[in-house]
Amino acid sequence: MAPKKAKKKEAASSNVFSMFEQSQIQEFKEAFTIMDQNRDGFIDKNDLRDTFAALGRLNVGNDELDEMLKEAPGPINFTIFLSMFGEKLKGTDPEENILNAFKIFDPEGTGIIKGEEIKYHLMSQADKFTEAEVNQMFTNFPLDVAGNLDYKNLCYVITHGEDKEQE
């Protein structure tokens, strides 16, 4: 029985690695290494607390950290870390669906939306964004000199994880 279990485990982990391109796996590995503060090959509660502290959030409660750790099926090594991201990304809509949602605001199909217009809609419709959340989005996806958002690039980053220009 032991050889069968080992084979199943091997197949599951190789499946996780096939979900991502090599460059994405390398980026996840770098993130994992940064988070694994004590360099033991696992992300634990202390690693999470230290990572939050490095990002400027010092008062993270034990309950919040425990909830995060409960999302994993066991100790978080790199393979588990990668599979957790795979599960999260699995729910992401295809690029075409996201583009179609933005096209509502761009009937001419130019690929851009006025920054003020998208800010208004994000802050006033459905799951309303806060001003800080909109500003963070504009920090990550800056408006052009005319004050427009390149939503085609934004959609690409959401679904592929990197700027089209970087490829």
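Predicted model: local features only at pLDDT ≥ 70, side-chain atom pairs only at ≥ 80, totals over all residues.
Residues are numbered from 1 along each chain as its sequence is written, and side-chain values use heavy atoms, with hydrogens and water left out.

How confident is the predictor? The pLDDT, which is the predictor's confidence in each residue from 0 to 100, averages 82 over the chain, and 83% of the residues score at least 70. Confidence is lowest in helix H1 (residues 2–18), with a mean of 51, and highest in strand E1, at 93. Over residues 1–14 the pLDDT stays under 50, and the model has one contact beyond four places in sequence for this stretch. Contact here means heavy atoms within 4.5 Å.

Now for the overall layout. The chain has nine helices and two strands; helices (H or I, at least four residues) and strands (E, at least two) are DSSP runs, numbered from the N terminus. Read from the N terminus on, the elements run α-α-α-α-α-α-β-α-α-β-α. Of the 167 residues, 27% count as buried, where buried means under 20% relative accessible area, exposed means over 50%, and partly exposed lies in between (1.4 Å probe, protein chains only). Among contacts between residues at least 6 apart in sequence, 52% join residues at least 24 apart.

Let us step inside. The largest nonpolar core has 17 residues, and Phe28, Ile43, Ile76, Phe78, Phe81 and Leu82 touch the most other members. Helices H2, H3 and H5 (78–90) each supply at least two residues of this core. Apart from it lies another core, of 15 residues, which includes Ile113, Leu122, Leu149 and Cys155. A nonpolar core is a set of buried Ala, Val, Leu, Ile, Met, Phe, Trp, Tyr and Cys residues joined through side-chain atoms within 4.5 Å.

At the start of H3, a side-chain oxygen of Asp44 comes to within 3.2 Å of the backbone nitrogen of Asn46. Just after the helix, Gly56 takes a positive phi of about 95 degrees.

The loop between H2 and H3 also deserves a visit. Gln37 has its place there and counts as partly exposed, at 36% relative accessibility. Leaving aside neighbours within four places in sequence, Gln37 is in contact with Asp47, Asp50 and Thr51. Arg39 lies in this loop too; Arg39 is exposed, with a relative accessible area of 54%, and has a positive phi of about 60 degrees although it is not a glycine. Beyond its neighbours within four places in sequence, Phe42 is in contact with Phe32, Asp36, Asp47, Pro75, Ile76 and Asn77. The C-alpha atoms of Phe42 and Phe81, 39 residues apart along the chain, are separated by 9.2 Å.

Our last stop is helix H9. Which residues of H9 (residues 151–160) are buried? They are Tyr151, Asn153, Leu154, Cys155, Tyr156 and Val157. Their cover includes helix H6 (95–103), strand E1 (112–114) and strand E2 (148–150). At the start of H9, a side-chain oxygen of Asp150 reaches to within 3.3 Å of the backbone nitrogen of Lys152. Ile158 is also found in this helix, but counts as partly exposed, at 39% relative accessibility. Ile158 and Ile98 are 60 residues apart in sequence and 8.9 Å apart in space, C-alpha to C-alpha.

How values were computed: Polar contact = N/O pair within 3.5 Å; in protein donor to acceptor, adjacent residues only side chain to side chain.
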